[in-house]
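Here is a short briefing on one structure. Please keep the sequence and the model in view while reading.

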Amino acid sequence: FLNFEHIGEALESLHNETTKKVNRTFPGYFKAGRPNLVICPEEDIHKTVLNFYLDKSEPLPKMDEVLICNKDTTQEQVELICRRAFSDHLGKIYCVLYADILDFSTSIHIEQLFLNMEIENRDYQLVFLCRKDGSQHSYLATALEKDRAQVPQFKQTDNLKKHIEKQLAREDNADPMQMRMITSSRSGMGKSLCAQRTAERC
């Protein structure tokens, strides 16, 4: 049973976590205060974006920093992440993945944001990633072409793997809220029980 005190503590903890200053290092091939465009093969998009956050002193990207677009992504969702970047003072890096999927009306709307909106943080850190095969038919990719960044090919993945493993590592005395991934292709292996016990500790 949760009372208002527990809910308040949870909300306070969430607020402290989301307002914690990050000060991520924006890679040198990007320009702060511009809607940087990255075009890469579809199979490399996730690997590419994770390399933007490859700062050993900082955590993996938070859910408010990354938007993965699909055919159901709304204009409001894209505008929201742009507004987060425009008002950010925590040093976060915001990324919109598969931006070439966005329809024409959404693309026009986002373009107008950069032209007409009063931007509080002129050093915002924002990146749009498009698939190489889809960018040729994307209005947004065409509109942002002048801000296209020359991103290196991240062929070596050892450092990235080590960083992710370190971020997801869990020791016996770790905070029970730390991330833990439990997988099994077989049923009855205790996944639900582990999740239940974790919830009870929270």
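**Strand pairing and local detail**

In β4, Pro35 has Leu126 as its bridge partner. The model is a predicted one. In total, 6 bridges join β1 to strand β4, and the two strands run parallel.

**Aromatic rings**

- How many aromatic pairs does a search of the whole structure find? The search gives 9.
- One of them joins Phe26 and Phe30: the ring centres are 5.2 Å apart and the planes are at 35 degrees, so this pair is tilted. The angle falls between the cut-offs of 30 degrees for stacked and 60 for edge-to-face.
- Phe26 counts as buried at 13% relative accessibility. Phe30 also counts as buried, at 7%.
- Phe114 and Phe128 make an edge-to-face pair, with 6.1 Å from centre to centre and 75 degrees between the planes.
- That pair links distant parts of the chain: Phe114 sits in helix α4 (residues 104–116) and Phe128 in strand β4, 14 residues apart.
- Are Phe114 and Phe128 buried or exposed? Both Phe114 and Phe128 are buried.
- Ring pairs also link Phe26, Tyr29, Phe30 and Phe52 into a cluster.

**Cysteines**

- The structure holds 0 disulfides.
- Cys40 is in no disulfide, and its nearest cysteine sulfur, that of Cys130, lies 9.0 Å away. A disulfide would need the two sulfur atoms within 2.5 Å.
- Cys40 counts as buried, at 8% relative accessibility.
- Cys95 is buried too, with a relative accessible area of 0%.

**Arg24**

- Arg24 lies in the loop between α1 (4–18) and β1.
- Is Arg24 buried or exposed? At 7% relative accessibility, Arg24 counts as buried, because the limit for buried is under 20%.
- A polar atom of the Arg24 side chain lies 3.2 Å from the backbone oxygen of Leu60.
- Beyond residues up to four places away in sequence, Arg24 touches Tyr53, Glu58, Pro59, Leu60, Pro61, Lys62, Glu65, Gly91, Ile93 and Gln125.

**Pro59**

- Pro59 belongs to the loop between α2 (45–52) and β2 (66–68).
- Its relative accessible area is 28%, so Pro59 is partly exposed.
- Which residues does Pro59 contact, leaving aside its neighbours within four places in sequence? The contacts are Arg24 and Gln167.
- Pro59 and Ile164 are 105 residues apart in sequence, yet their C-alpha atoms are 9.1 Å apart in space.

**Glu118**

- Glu118 is found in the loop between α4 and β4.
- At 76% relative accessibility, Glu118 counts as exposed.
- The C-alpha atoms of Glu118 and Ser87 are separated by 9.9 Å, and the two residues are 31 residues apart along the chain.

Terms used:
Residues are numbered from 1 along each chain as its sequence is written. This is a predicted model: local features need pLDDT of at least 70, side-chain atom pairs count only at pLDDT 80 or more; totals for chains, interfaces and linings use all residues. Side-chain values use heavy atoms; hydrogens and water are left out. Two strands pair if DSSP finds at least two bridges between them. Helices (H or I, at least four residues) and strands (E, at least two) are DSSP runs, numbered from the N terminus. Rings of Phe, Tyr and Trp (its six-membered ring) pair if their centres lie within 6.5 Å; planes under 30 degrees apart count as stacked, over 60 as edge-to-face and the rest as tilted. Buried means under 20% relative accessible area, exposed over 50%, partly exposed in between (1.4 Å probe, protein chains only). A polar contact is a pair of N or O atoms within 3.5 Å; within protein, one must be able to donate a hydrogen and the other to accept it, and residues adjacent in sequence count only if both atoms are side-chain atoms. Contact means heavy atoms within 4.5 Å.
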